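Below are a few friendly notes to read alongside the model.

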Amino acid sequence: MNLITKQSDLEAAIAAIAKSDFVTVDTEFIRETTFWPELCLIQMATPETTALIDPLARGIDLQPFFDLMADERVLKVFHAARQDIEIVFHLGGLIPHPVFDTQVAAMVCGFGESVSYEQLVQKVTGARIDKSSRFTDWRRRPLTDRQLEYALADVTHLIDVYRHLKDELEREDRAHWLNEEMEVLTARSTYELHPEDAWKRLKVRVRKPIELAIVREVAAWREREARERNVPRGRVLKDDAIFEIAQQGPRDAEALARLRTTPKGWERSAAAQGLLAAVGRAFAIPKEELPKLPRHSQPQEGSNAAAELLKVLLRLVAEDQGVAAKVLATSDDIDRIAAEGERADVAALHGWRREVFGEKALRLVRGEIALKFNNRRITVFDLLEAAE
């Protein structure tokens with residue numbers, strides 16, 4: 001089993017793959033100790049060709065691979081594509097397109113929520129994947145034949161999985177469902193994460209506008225610091241520390257030293273000075289310009305009960321459609337619909353999700369339909385029809 005380490009071999013492999021109308025793709029990477037993932041191996045397969053590319057090989061230029069990722073004539077098939085696409089975007093400055101994500105397709109086809117690759121392969125093909133090389137340090141060289149076989153299996157079995165799911169989507173007339181999901185997955189905005197938006201990753205626990213302002217400024221500072229140093233965000237500052245800083249509002253090193261969530265002596269570091277500057281920027285915001293707390297942070301009276309009914313409706317619709325409930329609506333979608341109704345700007349009220357579940361959810365909130373227990377089953381009862 002050959003690992004491609006020479007530019008001429010890479011170009012020849014890409015030329016052969018580009019003749020196919022689709023290619024299955026996977027990557028192996030390490031990111032436990034870095035902010036940006038370190039790409040260690042690229043696996044690709046078509047019905048006629050396979051390729052294992054070593055991006056760590058001296059002198060290798062991945063531009064032919066990036067050109068393939070941008071080739072509109074070739075469909076790129078991934079399983080759980082988000083991190084793979086993130087790597088291509090970071091290193092190549094582009095989003096692979098067009099894309100087919102078999103994990104999303106599997107949920108749409110009723111294989112359950114976030115089905116693993118191993119489970120999907122077994123259900124579709126009956127094959128069992130050897131997991132013994134799962135925790136390989138992919139940076140080490142040389143890679144053994146067993147490790148390479150494991151890596152290649154991630155894309156060779158994916159060919160049959162893709163074909164099965166593609167046929168299933170067409171048979172159930174749900175191809176447009178997946179297309180909507182792929183539009184989001186391949187949007188540049190999904191991967192262009194600006195430091196100013198870093199606070200949105202956090203489960204915000206604040207009560208005052210000034211606290212939210214501090215969270216925003218400190219999270220943005222942490223994001224820039226982590227990227228510049230290429231270390232995980234938690235290595236710069238833990239999430240809990242951000243919220244304690246927001247509550248205490250330290251203005252100087254002495255106040256910073258009194259916090260429980262920062263290491264002893266950290267207040268004297270250069271990083272601490274950058275953090276204090278971020279806190280200072282928050283305090284410099286005029287009162288009338290401070291960010292407003294999210295409207296939906298406090299649920300309206302009765303919305304919790306409505307959310308429980310909506311969850312039951314969600315399970316009913318998911319079972320009826322043969323899809324994973326998570327695909328139709330998230331817990332946040334349910335809470336927002338219960339509290340805000342039509343005003344809730346959530347995925348469940350857009351596109352195909354609204355057609356399948358969202359409209360029914362709004363009708364339940366408006367009191368136009370009800371749930372009833374009938375012959376040991378919960379069913380949907382149309383109150384408007386009953387009144388006519």
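**Notes on a strand and a helix pair**

1. Three bridges connect β4 with strand β5 (residues 99–101), and the two run parallel. Strands here are DSSP E runs of at least two residues and helices are H or I runs of at least four, numbered from the N terminus; two strands pair if DSSP finds at least two bridges between them. Val-77 stands opposite Phe-100 in β5.

2. This is a predicted model, in which local features need pLDDT of at least 70 and side-chain atom pairs count only at pLDDT 80 or more, while totals for chains, interfaces and linings use all residues. Residues are numbered from 1 along each chain as its sequence is written, and side-chain values use heavy atoms, with hydrogens and water left out.

3. Strand β1 (residues 22–30) is also joined to β4 by three bridges, again running parallel. Lys-76 in β4 is the bridge partner of Val-23.

4. Is β4 (residues 75–78) buried or exposed on its two faces? Both faces are covered: Leu-75 and Val-77 on one side, and Lys-76 and Phe-78 on the other, are all buried (under 20% relative accessible area, with a 1.4 Å probe and protein chains only).

5. Turning to the helices, α5 (residues 117–125) packs against α6 (residues 145–171) at an angle of about 55°, with the axes 10 Å apart. Axes are lines fitted to C-alpha atoms over the stretch in contact, and angles run from 0 to 180 degrees between N-to-C directions.

Key:
Buried means under 20% relative accessible area, exposed over 50%, partly exposed in between (1.4 Å probe, protein chains only).
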